[in-house]
Amino acid sequence: MIYFYHILLNMLTRLAKQRTISSAYHILRGKKSSQTLQDIHLFQLQPLYGIYPDLKKSTYDNWIDQLISQQFLLNTDDTFSLDLEKVGEIRDISKSFNGLIYNNFDKEFLKALKLLAQTLSNISYGQFRFIPLIDDMNIQWKVKKIIRENESKQDWLINQFYQELFKCLDEVDEIQAEIFVMQLSGVNRIGYSRKQLAELYQVNKEDIQLTTMNITHSLITMINNNPNQFPLLHSLIPAHKFHSITVSAAKTLELIQQGYSLEKIEQVRQLKLSTIQDHVVEIANQVIEFDIQQFVSESIEKEIKECLARTSTRRLKQIKDELHPSISYFQIRLVLAKLNQNEASEIINEPY
Amino acid sequence: MSHIKPNLEEQLLTHFGFSSFREGQKEIIESVLGGHHTLATLPTGSGKSICYQLPSVINEGLTIVVSPLISLMVDQVKLLKSEGFKRVTALNSLLNFKQKSQIIKNLDQYNLVYCSPEMLQQPAVINRLKHIKVDLFVIDEAHCISQWGHEFRPDYLRLRELIQALEEPTILALSATATPEVQEDIIKSLSVDMKRIIYPMDRINITYNVLHSENQLEKQEQLHTIIKQVDSSTMIYFSSRQMTEQISLQLKQQFPDRQIAYYHGGMDQQDRLLIQQQFMHDQLDIICCTSAFGMGVNKNNIRLVIHYHLPPNLESFIQETGRAGRDGAHCVSALLYSKGDEAIPFQIIESELPEDHEIKQYLSQDRQDTMDFLTETKQRFLEYHSHQLKVNNDISELSIINKLIAFRDKRKKVKIKSVLDMVQWINTEECKRKRLFESYQSNTREAEFECCNSCGFNIYDWELERTHELQSKDNWREILDEMFYRGV
């Protein structure tokens with residue numbers, strides 16, 4: 001079981017004294033703002049990005065209020081602090097999360113898997129009429145396509161799905177497999193809601209959400225590493241969605257690669273320069289092969305890096321004040337983005 | 001008509017898999033296929049929708065169904081699609097602009113289109129419809145057209161204009177709860193001659209009970225006693241979302257071996273769908289719900305419907321109790337009443353209709369201004385009535401205000417009277433069954449099993465044991481095996 005409480009404390013210890021209390025909320029929801037995208041790199045929270053997209057603000061605030069009332073946490077105007085002694089040891093969390101990379105398609109993958117399970121279960125009992133428990137039309141088309149393409153070998157399809165799913169679930173914790181399967185619907189059973197599972201296991205609804213997401217990420221990793229072993233499940237993963245940049249940033253990237261200057265892009269796209277700069281930072285964060293040399297000279301980069309080493313802060317304002325006035329926020333952010341990428345690629349799957 | 005009779009049964013079997021019609025269906029279908037405007041009442045749960053679904057596949061042109069209940073529409077479309085009907089869709093406010101335009105563009109490709117009354121006011125929809133052959137125009141929940149009805153919908157009154165613009169397709173007005181007075185009103189509003197096909201509303205397999213209590217605590221004890229004795233598929237209706245959660249939690253603690261859940265309009269879509277389907281599949285014994293549940297639910301074996309709160313009128317009560325016993329076997333309705341319970345429906349009435357100052361504020365606003373200060377029902381009320389009044393040009397603002405206030409007071413009166421009728425029914429010592437249906441039909445049939453508590457039925461003597469086994473598998477490997485028919 002993955003506990004929301006552990007995940008939250010984990011995030012908060014990293015963000016304490018540096019960011020506002022709602023920064024963790026935005027990260028869990030996977031907010032596509034340049035601030036949040038930058039934060040996850042700065043504080044190595046990439047794996048947890050977007051793992052709880054429908055987290056309600058009121059739910060989050062309740063958790064925070066609890067920490068405050070236990071005197072674990074002190075909220076101030078622009079940031080907050082944690083009393084680490086009172087909190088005690090912060091437990092390791094599972095390393096299976098891979099939010100930054102998977103958040104663009106994990107929900108879609110899970111829905112498709114659920115609908116395919118419901119469909120094949122019904123077919124295996126000779127039932128061809130049932131109410132689909134996934135309303136999303138795109139998912140329904142996707143599943144229909146799979147069924148149609150395999151019309152002549154239905155038995156093979158059912159067996160293949162069953163075998164692949166079984167093999168995957170066999171690799172994760174028993175309790176995780178159980179929680180996952182309890183949410184599936186088929187001919188003779190309708191899956192449990194998160195709320196019902198929470199009651200059954202006497203945990204919070206938030207714990208069920210994170211546990212489900214954790215298994216989903218485990219499955220995706222497993223399937224992606226061995227596509228030959230899991231051809232059917234692999235076909236449920238949309239291949240093109242691995243880069244986690246916004247659509248708008250992707251357009252900007254395309255223009256940069258065609259040799260446009262930022263000012264020219266500003267004109268062509270009718271966007272503010274600051275927006276274009278946000279895109280570039282986002283791209284620098286996400287796309288490893290992206291070179292920032294055209295925006296930051298080697299000497300300036302060196303200067304910024306030295307400043308970062310000198311001051312332990314990650315607050316942009318403080319860094320800017322330490323540096324020569326001619327160095328812009330944009331340049332600092334780009335250097336930070338690249339720096340974090342190097343650290344992140346080493347740390348991304350390390351346990352906290 | 002005799003030449004199409006054998007054909008109809010065949011069609012029913014081919015398209016819906018039923019070998020015979022239920023009471024009233026065939027008569028209504030023959031009437032509309034014969035081109036007669038028809039007003040029909042069929043009791044809740046007797047398969048009203050077949051009366052237009054079958055004609056929609058037989059007719060060449062389009063069948064339009066106006067329905068005020070979006071969730072019902074969505075459920076119906078889902079159900080039809082699951083049965084293999086492709087040419088069916090719904091036009092309502094849940095669609096985004098692109099989806100809407102797509103459907104409107106391809107409107108002639110469908111057999112059956114469900115439509116909210118608001119959508120039918122949109123010029124794009126009206127213009128498109130004028131170029132399409134509409135064979136049948138169905139007004140579902142037709143009592144909404146009547147100002148005397150419990151659920152008056154002002155926009156229903158505009159349907160007449162639309163129907164005239166469509167070169168008068170055959171009209172079918174359907175209702176499960178239309179008193180003779182309301183029937184007159186429907187025909188008058190549509191200003192066409194209509195053939196009336198009226199079937200009795202009473203349900204002979206339901207036993208009616210009212211249990212009085214002094215306070216909420218006593219009421220909860222009554223609930224506990226009944227649930228303890230009746231271990232079968234049960235619905236409990238509440239007027240508030242919060243109470244569905246609260247009592248469901250309480251019952252779970254009292255009856256740990258029963259499967260209990262709650263359902264209301266504030267839950268997210270996925271959870272609502274799961275809970276609804278669990279109940280349909282007998283995975284839940286008891287569901288604590290608001291009136292949002294059950295629109296499209298067609299479950300056969302509900303044995304007990306409890307009303308924890310007072311419904312706002314007898315019509316809603318008849319509809320909600322009508323979800324029980326669709327299999328024809330014995331079932332029971334129990335209404336739990338504590339003195340003063342009517343305060344809740346009175347409060348709801350107040351919150352549904354606009355206050356004087358809201359009427360004034362509404363009229364002083366610009367068209368573009370947001371109407372955030374008004375609830376949806378208040379907005380709908382004001383929109384329609386002020387529109388109607390402004391059609392007469394020479395009318396002063398002050399007299400518009402006064403007329404709106406007069407309209408509002410008239411509606412309020414109707415609604416308050418509905419609640420008082422409900423209370424009167426609760427307090428009557430005469431036969432509950434006779435009193436419940438007397439405004440709909442002159443003769444109420446004898447009960448098939450037990451009649452009501454006035455006629456000697458005592459709910460505390462009634463016991464039912466569980467007939468279905470709840471699934472017990474919780475090992476994930478076994479669940480998967482069973483799901484995909486492996487090693488079973």
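User: How many residue pairs are in polar contact between chain A and chain B?
Analyst: This is a predicted model, in which local features need pLDDT of at least 70, side-chain atom pairs count only at pLDDT 80 or more, and totals for chains, interfaces and linings use all residues. A polar contact is a pair of N or O atoms within 3.5 Å; within protein, one must be able to donate a hydrogen and the other to accept it, and residues adjacent in sequence count only if both atoms are side-chain atoms. With both residues at pLDDT 80 or more, the count between chain A and chain B is 15 residue pairs.

User: Which element gives the largest share of the side of chain A that touches chain B?
Analyst: Helices (H or I, at least four residues) and strands (E, at least two) are DSSP runs, numbered from the N terminus. Elements that give two or more residues to this side of chain A are α7 (106-124), α9 (154-171), α10 (174-182) and α11 (194-201). The largest share, eight residues, comes from α9(A).

User: How do the residues of the side of chain A that touches chain B divide by class?
Analyst: Ala, Val, Leu, Ile, Met, Phe, Trp, Tyr, Cys and Pro count as nonpolar, Asp, Glu, Lys and Arg as charged, and the others, Gly among them, as polar. Contact means heavy atoms within 4.5 Å, and 39 residues of chain A are in contact with 33 residues of chain B. On the chain A side, the division is 21 nonpolar, nine polar and nine charged.

User: What area do chain A and chain B bury between them?
Analyst: Buried area is the accessible area (1.4 Å probe) that two parts lose on being put together, summed over both. Of the area buried between chain A and chain B, 57% is on carbon and sulfur atoms. A:Ile131, A:Arg189 and A:Ile190 supply 19% of the area that chain A buries against chain B, more than any other three residues. The area for the two chains is about 3,400 Å².

User: Which residue of chain A meets B:Lys78 in a salt bridge?
Analyst: A salt bridge is a side-chain nitrogen of Lys or Arg within 4 Å of a carboxyl oxygen of Asp or Glu. Four are found across the interface of chain A and chain B. In the one with B:Lys78, N to O is 3.5 Å, and the partner is A:Asp135.

User: In which helix do A:Glu149 and A:Lys145 lie?
Analyst: Their side chains meet in a salt bridge (3.6 Å, N to O). A:Glu149 and A:Lys145 are four residues apart, about one turn of the helix. Both belong to residues 137-149 of chain A, helix α8.

User: How many salt bridges does the rule find across the interface of domain 1 and domain 2 of chain B?
Analyst: By an automatic or database domain assignment, chain B is divided into domain 1 (8-198) and domain 2 (202-233 + 299-487). The contact takes 22 residues from domain 1 of chain B and 18 residues from domain 2 of chain B. These two domains bury about 1,800 Å² between them. Across their interface the number of salt bridges is zero.

Methods: Residues numbered from 1 in each chain as written. Chains lettered and ligands numbered in written order. Heavy atoms only, no water.
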